[in-house]
Amino acid sequence: MSPIDSVLNPPPARPDITRAVCRGAARHLRERGYAIVKEMTFANGRRGDIVALSPTGELLVIEVKSGIEDYRVDGKWPDYRDYCDGFLFAVAPEFPREILPDDVGLIIADSYGGELLRDAPRHPLVAARRKALTIAFARLSAQRLALIEDPPL
């Protein structure tokens with residue numbers, strides 16, 4: 001990880017909780033018909049925890065928060081709105097939901113699954129950005145699949 005990347009995207013403070021919430025949120029989204037990728041970097045240098053592509057081409061960014069401190073020190077999440085049609089937080093069941101803003105979606109998740117408590121308000125992407133993000137999503141997915149099928153020696 002480069003010094004710039006580590007400043008823009010610090011590692012999670014509670015990796016076990018982050019991993020469980022990420023897994024459950026991803027399962028929930030796949031059950032709803034979304035294709036997902038984790039850790040997708042955008043043109044502004046930010047990295048979305050989960051990016052979900054709907055069957056109709058709608059893009060969601062889901063930011064996983066492991067706890068109160070993880071949320072409080074994170075001032076970057078508004079930067080994701082320019083890269084999605086809807087933005088959501090995914091948090092563990094014990095997370096104090098009242099501290100989250102009302103103008104974002106909310107998924108409660110653990111390692112077994114998730115539940116959408118509040119849908120994300122929509123702000124449709126312009127066509128050129130949607131195309132660029134959809135291509136980036138497809139390329140990232142294909143590159144990761146290729147590494148699984150044919151790992152480097």
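Predicted model: local features only at pLDDT ≥ 70, side-chain atom pairs only at ≥ 80, totals over all residues.
I'll start with Val104. You will find Val104 in the loop that joins β4, residues 86-91, to β5, residues 105-110. Is Val104 buried or exposed? Its relative accessibility is 1%, and buried means under 20%, so Val104 counts as buried.

What does Val104 touch, if we skip its neighbours within four places in sequence? The contacts are Trp77, Arg81, Phe87, Phe89, Arg118, Asp119, Ala120 and Pro121. Ile62 lies 42 residues from Val104 along the chain, and their C-alpha atoms are 9.9 Å apart.

Next, take Phe89 from that list of contacts. Leaving out residues up to four places away in sequence, Phe89 touches Val104 and also, among others, Ile62, Tyr71, Trp77, Leu100 and Ile107.

Phe89 also belongs to the largest nonpolar core, which has 24 residues. Within this core, Met40, Phe42, Val51, Phe87 and Phe89 touch the most other members. At least two residues of the core come from each of β1 (35-41), β2 (47-53), β3 (59-65), β4, β5 and α4 (127-149). A separate core has 18 residues, including Ala25, Ile36, Ala90 and Ala120. As general background, nonpolar side chains tend to be buried together in soluble globular proteins.

Last, the helix. α4 has 23 residues, and from its first C-alpha to its last it spans 33 Å, close to the 33 Å expected at 1.5 Å a residue. Which residues of α4 are buried? They are Leu133, Phe137 and Leu140, and these buried residues pack against β1, β2 and β3.

That is where I'll stop.

Terms used
Residues numbered from 1 in each chain as written. Heavy atoms only, no water. Helix = DSSP H or I, 4+ residues; strand = E, 2+ residues; numbered from the N terminus. Buried < 20%, exposed > 50% of the residue type's maximum accessible area, 1.4 Å probe, protein only. Contact = heavy atoms within 4.5 Å. Core = buried A, V, L, I, M, F, W, Y, C linked by side-chain atoms within 4.5 Å. Expected span 1.5 Å × (residues − 1).
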